[in-house]
Amino acid sequence: MPANYSGTWDIVDNQNFEAYMVALGIDFATRKVARMLKPQKVFEQDGDSFIIKTFTTFRNYSCSFKIGEEFEEITKGLDNRKCQTTVNWDNDKLVCVQKGEKKNRGWTHWMEGDTLYLRLKAAVHYTVGCLCQNIAADCEKQITKQTIAAIAETAFRQCDIFAKDLEAFARHAKRHTVTVDDVKLTARRTTALYNYIQQKSEELALNNQELKEKRKKNAAKRKSKDMEAEEENELED
């Protein structure tokens, strides 16, 4: 039996949404409004048939589909482009492919406990495009849109493989949390990536240690001030 997504979901966090909107060519004013919104999603599911309603104070949007059946979609509330959209199951994940003017577009929904996740694919394409442009400028070469799209698709699939590996490593260690060691293990076959992750993990550890020490000093200062205030009050009494 497929997973049951029926229910009402309120957003609690989003990451890199700005890059996703830039990748779709959404204007600055709309992006500014979208960043402040707190969407609510309502899933109505009957087996492989879905209705997903998105509610915001700015605009509402509804999408209905059946697993494996292509349908025409207009992405109202975002860039208002026409897409040929297909949603399929990947185990318990809902994976959407949107074919249209913007290449490598789509999304993935999945649940972990009582939390619903949504990964938007165009942000990967935008980031890969920026990297390719920088490399092309340094090398004084041209990189075609088709090449960027192919690299973005490869990067997206590799990220999905990494995510599954990390989940497997954590599960094997009987943990519910992915650790830095899990990430290092995933990158063990690529020396440059492994060294980069090692360097970043050391920097984060150092920053965390400095932050803890700063908090301790601030707490000690506050305690000292409170004690001085108490002594002054005792003297006045």
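**Confidence.** I looked up the confidence first: the mean pLDDT of the protein is 85, and 93% of its residues reach 70 or more; pLDDT is the predictor's confidence in each residue, from 0 to 100. The model is predicted, and I took local features only at pLDDT of at least 70 and side-chain atom pairs only at pLDDT 80 or more, while totals for chains, interfaces and linings use all residues. Residues are numbered from 1 along each chain as its sequence is written, and side-chain values use heavy atoms, with hydrogens and water left out.

Among the elements, I found the lowest mean pLDDT, 77, in helix α1 (residues 17-23), and the highest, 95, in strand β2 (residues 40-46). Helices (H or I, at least four residues) and strands (E, at least two) are DSSP runs, numbered from the N terminus. Where pLDDT is low, the predicted coordinates should not be read in detail.

**Four-stranded sheet.** I traced an open sheet of four strands in the order β1-β2-β3-β4, with antiparallel pairing; two strands pair if DSSP finds at least two bridges between them. At its edges stand β1 (7-10) and β4 (61-66), each with a single partner strand, so one side of each has no neighbour in the sheet. The twist averages 15° from one strand to the next; axes are lines fitted to C-alpha atoms, for helices over the stretch in contact, and angles run from 0 to 180 degrees between N-to-C directions. Seven bridges connect β2 and strand β3 (residues 49-55), an antiparallel pair. I noted Glu44 opposite Ile51 in β3.

**Five-stranded sheet.** I then followed a second open sheet, with five strands in the order β5-β6-β7-β8-β9 and antiparallel pairing. Here β5 (71-74) and β9 are the edge strands, each with a single partner strand, so one side of each is left without a neighbour in the sheet. The twist averages 30° from one strand to the next. Helix α4 packs on this sheet and touches β6 (82-90), β7, β8 and β9; its direction makes about 155° with that of β9. Contact means heavy atoms within 4.5 Å.

Strand β7 (residues 93-100) pairs antiparallel with β8 over five bridges, and Gln98 stands opposite Arg105 in β8. Six bridges join β8 (residues 105-112) to β9 (residues 115-120), also antiparallel; His109 faces Leu118 in β9. These two strands form a hairpin with two residues between them, and Gly113 in the turn has a positive phi of about 65°.

**Second largest pocket.** I recorded a volume of about 460 Å³ for this pocket. Of its 15 lining residues, Ala23, Lys102, His125, Lys145 and Ile148 are the closest to its centre. A pocket is an open set of points on a 1 Å grid over the protein atoms alone, where a 1.4 Å probe fits, with protein on both sides within 12 Å along at least five of seven lines; lining residues have an atom within 4 Å of a point. Grid points are joined across faces, edges and corners, and a volume is the space filled by probe spheres set on the points.

Helices α3 (122-139) and α4 (145-172) each supply at least two lining residues, and α3 gives the most, with six.
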